[in-house]
Structures are given as C-alpha cells and as structure tokens.
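Subject: Structure for you to look over

Dear colleague,

I am passing on the structure we spoke about, with the sequence alongside. Please open it first, and then read the notes below next to it.

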Amino acid sequence: MRAAALAAPLAILSIAGGCKAAPGPVAAKETAACDGVPHMALAGRVTDAADILSGEEETRLSDRLARYEARTQHQMVVATTPSLNGARVDNFGTCLANRWKIGRKDQDDGILLLVAPNERLARIATGIGMEKILTDDKALAVIHQMMPQFRQGDYAGGLSTGVDAIAAQTGDTP
C-alpha cells in the first residue's frame, strides 16, 4: 500500500490504495496499522456514525451509490466518523475498507469515501484494482470539489458532489 499526505485548507488528506484485506493472518498486520480505529458496523452503502446526514440525505446518497454499483459493478461506500480516535485518517479509511471488504474480491475495486468532520479530515481509499482509474491526483481533485460545501456545513451536498465526481472518473455516465 502506498500513501501520500496532502495538505488543503479544509483537510489534510491522505489518499492511498488498498481496500482489500491482505491474505493470511490479518489480525497481526491490522494491530499496528489500525491502532485506535474502532470496529464500526457497516450500516449499508452509507454509514453515518458522525450523524451529520438526515435520513433523507442518507437515502438519497445510498440510492445514488446503488445506481453506481449497478452501472459499473464497482462498490463505493460513504462513511463518516465522529472521531478518528487518534488514528491517522489514511489508516482509518483503509482499515474500515479492509474490514468491510468493500469491492469485488477478484477485482479489488472498492472505494471508500471517509469524512471525519470534527477533525476536518477526509480520505478516499481505493482498492488496488481502482488505483489506475482513480489516481491520487484525481482523488485529491474530488476532495477539493467537495470542500466548498463542507466549509458551509453542507455535508450531504459535499458528499453528493464527491460521489458524482468519483463516479464520473470511474466509468459511470448518467
């Protein structure tokens, strides 16, 4: 897995590949990389643990993610967390994606869009199968597109913008 730390006015971002859990004994590897990352339950295509979205907003995002998956076969999940618990945002996102097994196992094509509003951090984690399509530079551009809405407190709008931008980069044309 590779990681690149990127600074921005709203967030310090780390965008890296590797959504899939490595074969073999994952627990030992996860202990070091996932220190402080809580075991959050996957609540569907949208897991809003930070409680920043209304029920309608979650439903709208979830429906959009379902359409994306039906059109591309790639799985994308949105997650928010009230705290990174001292973990690095890149480790947090990758650990969640690995634990939740986002994407098709044989393609390693999952995408996790993570927002930690209290720390003002965001991350896009991709499976190795998506790295050539959704490069670090493209993922950073997506985060930059989301920032104006995040600055205004419009998390639903920012996440919707991010999902649509990722979809456009990865083969989903409405």
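A residue is called buried here when its relative accessible area is under 20%, and exposed when that area is over 50%. Please keep in mind throughout that this is a predicted model.

With that cut-off, Thr-72 counts as buried, because its relative accessibility is 12%. Thr-72 belongs to helix α2, which covers residues 55-72, and a polar atom of the Thr-72 side chain lies 2.8 Å from the backbone oxygen of Tyr-68. Leaving aside residues up to four places away in sequence, Thr-72 is in contact with Arg-104, Thr-170, Gly-171 and Asp-172.

One of these partners, Gly-171, comes just after helix α5 and takes a positive phi of about 100 degrees. Helix α5 itself runs over residues 155-169, and its 15 residues reach 21 Å from the first C-alpha to the last, close to the 21 Å expected at 1.5 Å a residue. Its buried residues include Tyr-155, Leu-159, Val-163 and Ile-166, and what covers the buried residues of α5 includes helix α2, the strands β4 (76-80), β5 (111-116) and β6 (121-126), and helix α4 (136-151).

The ring centres of Phe-150 and Tyr-155 are 5.3 Å apart and their planes stand at 40 degrees, so the pair is classed as tilted; both Phe-150 and Tyr-155 are buried.

How many disulfides does a search of the whole structure find? The search finds one, formed by Cys-34 and Cys-95, whose sulfur atoms are 1.7 Å apart. This pair links distant parts of the chain, since Cys-34 sits in the loop between α1 (26-33) and β3 (46-48) while Cys-95 is in helix α3 (residues 89-100), 61 residues apart. The link of Cys-34 and Cys-95 is left-handed, with -95 degrees about the S-S bond, and both cysteines are buried.

His-39 is likewise found in the loop between α1 and β3, but His-39 counts as exposed because its relative accessibility is 65%. The C-alpha atoms of His-39 and Leu-96 are separated by 8.0 Å, although the two residues are 57 residues apart along the chain.

Note on methods:
Residues numbered from 1 in each chain as written. Predicted model: local features only at pLDDT ≥ 70, side-chain atom pairs only at ≥ 80, totals over all residues. Heavy atoms only, no water. Helix = DSSP H or I, 4+ residues; strand = E, 2+ residues; numbered from the N terminus. Buried < 20%, exposed > 50% of the residue type's maximum accessible area, 1.4 Å probe, protein only. Polar contact = N/O pair within 3.5 Å; in protein donor to acceptor, adjacent residues only side chain to side chain. Contact = heavy atoms within 4.5 Å. Phe/Tyr/Trp six-rings, centres within 6.5 Å; stacked < 30°, edge-to-face > 60°. Disulfide = S-S within 2.5 Å. Expected span 1.5 Å × (residues − 1).
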